[in-house]
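Please look over the sequence and the model shown here before reading the notes on packing, charged pairs and aromatic rings.

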Amino acid sequence: MPAARKLINEESSVTPAIATATMAPSSTSLDDVFISVKTTKHYHHSRLPAIISTWFQFAKEQTWFFTDRDDPYFQNQTNGHMINTKCSSSHNRRALCCKMSVEFDRFLDSGRKWFCHFDDDNYVNVPRLLKLLDNYNPREDWYLGRPSIPAPLEIIKQGPEPSKRPQKVKFWFATGGAGFCISRALALKMTPVAGGGKFITVGDRIRLPDDVTMGYIIEYLLKKQLTVVEQFHSHLEPMKFLNKDTFGEQVSFSYSKSSRDEWNILKIDGFDMKDDPKRFMSIHCHLFPYVPNCPHR
């Protein structure tokens with residue numbers, strides 16, 4: 001093997017690919033995308049209104065909320081887009097994998113070109129998401145997202161036979177709390193392993209949460225690399241350091257609140273903190289100043 005190629009191969013085993021791709025032959029429309037938002041009955045009233053009043057308005061037909069109980073009020077608010085997964089409302093590994101399994105199967109049934117998962121603490125810049133996807137061909141294998149750890153995850157995997165020695169497995173995964181997207185071509189390759197509820201079985205086997213299980217299936221089982229997109233953001237990073245001048249380029253934002261009542265939120269002017277503690281209305285009006293309920297400039 002030539003030395004240069006050997007170096008590239010060694011490098012790629014520890015560094016995920018940065019987002020560079022050729023343009024897809026046709027532009028991405030909203031109807032090409034299936035957007036799923038994972039939530040739970042505990043957060044319906046505290047988290048969903050901020051989403052429904054902001055970015056959901058740009059993707060009402062494409063966005064579905066996956067939860068764990070029937071809720072007539074929010075079923076009405078979302079025009080029938082609440083799906084009771086019948087999964088547990090716990091935040092444990094198996095409940096999370098159960099919901100992701102339902103999300104994945106619903107995407108496969110939708111026939112759409114892209115599966116984009118987000119959490120209920122994400123603000124999604126819908127036009128920017130479409131612009132991002134426009135750079136990739138859904139008929140090719142794409143796993144787009146951002147890791148939350150500085151190195152590939154390393155786990156010990158037991159071989160198929162108890163007598164075989166356990167082996168170390170390394171792979172990257174896109175953190176679910178920032179959002180990620182998977183092309184239909186890749187999802188179809190995942191179907192024999194992850195479709196029809198099999199996703200839960202894989203999660204049980206490696207005993208890891210839903211986003212990690214997704215990375216394991218794609219990177220380890222299917223040998224398809226995560227393509228890093230820095231414009232996805234989770235509450236695991238300090239939101240205050242995001243530059244206001246770049247907000248329009250970002251795909252997702254998040255927030256969190258510590259046990260000491262300290263908020264990890266975007267540093268942005270706009271609505272009063274008591275009216276908009278998560279800053280979703282403020283970022284929405286910053287990005288789209290002429291939508292309803294924004295103070296016109």
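A polar contact is a pair of N or O atoms within 3.5 Å; within protein, one atom must be able to donate a hydrogen and the other to accept it, and residues adjacent in sequence count only if both atoms are side-chain atoms. In that sense, the side chain of Asp276 reaches the backbone nitrogen of Phe280 at 3.1 Å. The model is a predicted one, in which local features need pLDDT of at least 70 and side-chain atom pairs count only at pLDDT 80 or more, while totals for chains, interfaces and linings use all residues. Residues are numbered from 1 along each chain as its sequence is written, and side-chain values use heavy atoms, with hydrogens and water left out.

**Overall architecture**

- The protein contains 9 helices and 14 strands, where helices (H or I, at least four residues) and strands (E, at least two) are DSSP runs numbered from the N terminus.
- Of its 297 residues, 52% count as buried, a term that stands for under 20% relative accessible area, with exposed meaning over 50% and partly exposed lying in between (1.4 Å probe, protein chains only).
- Among contacts between residues at least 6 apart in sequence, 68% join residues at least 24 apart, a contact being heavy atoms within 4.5 Å.
- The protein exposes about 14,600 Å², of which carbon and sulfur atoms supply 52%; accessible areas come from the Shrake-Rupley method with a 1.4 Å probe, and for residues only the protein chains shown count as cover.

- Helix α5, which spans residues 126-133, is mostly covered, with 6 of its 8 residues buried.
- Those buried residues are Val126, Arg128, Leu129, Leu130, Leu132 and Leu133.

**Salt bridges**

- The count comes to 16 salt bridges, each defined as a side-chain nitrogen of Lys or Arg within 4 Å of a carboxyl oxygen of Asp or Glu.
- One of them joins Asp210 to Lys38, with the closest N and O atoms 2.9 Å apart; this pair links distant parts of the chain, since Asp210 belongs to helix α8 (residues 210-221) and Lys38 to strand β2, 172 residues apart.
- Both partners are covered, Asp210 counting as buried at 3% relative accessibility and Lys38 counting as buried at 10%.
- Lys38 and Asp210 also belong, together with Asp119, to a network of salt bridges.
- Another salt bridge brings together the side chains of Lys99 and Asp68 at 2.7 Å, N to O; Lys99 lies in helix α4 (residues 93-110) and Asp68 in the loop between β3 (63-67) and α3 (72-77), so the pair ties together parts that are 31 residues apart in sequence.
- Lys99 and Asp68 are both buried.
- Arg69 and Asp71 meet through their side chains in a salt bridge of 3.8 Å, N to O; here Arg69 counts as partly exposed at 34% relative accessibility, whereas Asp71 counts as buried at 7%.

**Aromatic rings and charges over them**

- The structure holds 19 aromatic pairs, counted where rings of Phe, Tyr and Trp (its six-membered ring) have centres within 6.5 Å, with planes under 30 degrees apart called stacked, over 60 edge-to-face and the rest tilted.
- Tyr143 and Phe180 form an edge-to-face pair, at 6.3 Å centre to centre and 80° between the planes; Tyr143 lies in strand β7 and Phe180 in strand β10, so the pair ties together parts that are 37 residues apart in sequence.
- Ring pairs link Tyr143 and Phe180 into a cluster with Phe34, Phe66, Phe104, Phe107 and Phe115.
- The charged end of Arg184 sits over the ring of Phe107, 5.1 Å from its centre, where sitting over a ring requires NZ of Lys or CZ of Arg within 6 Å of the ring centre and within 35 degrees of the ring normal.
- The charged end of Arg47 likewise sits over the ring of Tyr43, 3.8 Å from its centre.

**The surroundings of Asp276**

- Asp276 is found in the loop between β14 (263-264) and α9 (280-287), and it is buried, with a relative accessible area of 4%.
- Leaving aside residues up to four places away in sequence, Asp276 touches Phe271, Met281 and Ser282.
- Asp276 and Ala50 are 226 residues apart in sequence and 8.4 Å apart in space, C-alpha to C-alpha.
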